[in-house]
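Please look over the sequence and the 3D structure below before reading on. The paragraphs after them go through selected parts in turn.

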Amino acid sequence: MMNSATSKVLVVILILFLLTTVINIAYHGLVNKYNTETALSYTTSNKVTFNGVYVRDEEVLTFDGGGVVGYAIADGGKVSKNSAVAYIYNDEKSIEAKQDIEKLQSELDILTKIQNPGTTEVAQPSYLTSLIQEKYLNIAYNKELGNMDKIETAKNELLVQLSTMQIVTDPQSSFESRITELKSQISTLESQMTDPISTIWVDRPAYFVSYIDGYEDTLSTSMMYDLSVDDLDKIDDEADNLDTTNVIGKLIDDYKWYMVGVIDNHEKIFNIDDVVTLNLESSSVNIKGTIKQIKDTDNPNESIVYVMCSNMIKDVVQHRVETVEMSIQNYNGIKVPSSALRFKDIEETDEDGNTSVNSYEGVYIKVGEQVKFKKIDVIYRGDDYVISKAVASNEYLALYDDIIVESVG
């Protein structure tokens with residue numbers, strides 16, 4: 001058995017160990033206590049919101065006022081030289097019949113292509129699957145670019161492929177009855193139509209819009225640099241005393257157009273020739289543009305910005321004024337509070353054995369009870385934070401590190 005002296009020694013050692021542990025915990029918990037923030041992913045951009053005014057070179061089209069207008073092209077559609085943009089009919093019936101025929105004919109063309117034996121005989125499920133996936137990605141891609149016409153074409157092609165897959169996998173499927181029905185409906189509608197009493201032609205390539213807002217003569221690219229802040233503030237979606245008598249619509253002479261507005265640019269974030277992104281209130285499509293001019297005003301916090309865009313879609317001809325968010329660049333990385341930034345001199349040795357001392361910007365992080373310095377690669381500096389690029393190295397700050405913001409005690 002262990003004698004009493006040995007027992008007393010072990011008890012003393014145990015007590016000393018416990019005291020040391022308590023003192024160590026107290027020291028690190030009270031003397032070396034830190035406030036920390038977890039390093040998280042963050043995205044920001046230089047952006048500004050303003051009331052944007054559309055500026056385009058436009059010409060109003062009119063007619064003699066007799067009859068009813070039926071349009072040959074959708075708003076924002078491109079017309080070629082010597083092509084028709086509208087037809088004048090005696091009454092609404094022929095216009096309604098024409099519109100119905102166009103819808104039915106589109107469906108008939110798709111079903112006829114699907115039902116064609118040449119389409120189904122060569123089609124294999126695996127091949128169709130790859131085409132369907134490709135077309136789906138194509139639709140998503142063109143949505144991002146704002147190519148609405150290409151989306152419509154791709155959508156119809158996707159419908160053909162999906163329906164062909166249905167016929168290939170289920171030979172009993174058929175669209176013959178629907179094709180017969182569509183042909184009969186089109187024939188009935190055609191018998192109800194009368195020829196237009198006149199046609200509206202255009203003498204040059206352009207884009208067409210079926211309505212006007214009253215600013216066609218005053219908001220042109222040749223006059224936009226004369227606009228003042230007060231002028232821009234007075235512009236609405238529609239001019240006062242707008243007269244639409246005998247108006248067919250208007251032609252837009254170029255695919256290029258301008259967004260003009262007043263912004264706060266006293267920090268010179270935006271500059272001439274910068275490529276920017278316009279997020280429009282009325283559209284889900286982001287528009288790319290280039291800043292062509294920034295005009296200073298009497299107010300140091302106000303500048304007039306002129307952004308040239310070349311994406312002509314229906315969304316950008318529906319308004320004259322709307323809320324615009326303009327951003328120049330997105331930054332994605334790890335958010336770091338400015339209060340945590342530190343500089344540290346680190347001695348380094350290169351491949352040839354030469355030693356040098358280099359200063360690095362970084363932060364201190366807490367790892368258990370230890371404190372370590374981690375480098376950062378700053379890609380954006382905000383008012384009270386920076387964004388550091390995510391670098392795959394143990395020497396650099398990583399996601400979910402505990403950044404020491406300040407020490408307490």
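What follows describes a sheet, a helix, the nonpolar cores and one glutamate.

This is a predicted model, in which local features need pLDDT of at least 70 and side-chain atom pairs count only at pLDDT 80 or more, while totals for chains, interfaces and linings use all residues. Residues are numbered from 1 along each chain as its sequence is written, and side-chain values use heavy atoms, leaving out hydrogens and water.

Helices (H or I, at least four residues) and strands (E, at least two) are DSSP runs, numbered from the N terminus. Two strands pair if DSSP finds at least two bridges between them. Strands of a sheet pair through backbone hydrogen bonds, either parallel or antiparallel. Strand E6 (residues 84–89) pairs with E7 over 4 bridges, and Ala86 stands opposite Ile200 in E7.

The N-terminal end of H2 is capped by Asp91, which has a side-chain oxygen 3.2 Å from the backbone nitrogen of Lys93. Buried residues (under 20% relative accessible area; exposed is over 50%, partly exposed in between, with a 1.4 Å probe and protein chains only) in H2 include Ile95, Ile101, Leu104 and Leu108.

A nonpolar core is a set of buried Ala, Val, Leu, Ile, Met, Phe, Trp, Tyr and Cys residues joined through side-chain atoms within 4.5 Å. The largest has 26 residues, and Met259, Leu278 and Ile287 are among those with the most contacts inside it. Strands that each supply at least two residues of this core include E2 (40–55), E12 (286–296) and E14 (321–337). Another core, of 16 residues, lies apart from it and includes Leu219 and Tyr258.

Glu58 belongs to strand E3 (residues 58–62). Is Glu58 buried or exposed? Glu58 is buried, because its relative accessible area is 10%. Its side chain makes polar contacts (N or O atoms within 3.5 Å, one able to donate a hydrogen and the other to accept it within protein, and residues adjacent in sequence counting only if both atoms are side-chain atoms) with the side chains of Arg56, at 2.6 Å, and Arg320, at 2.8 Å.
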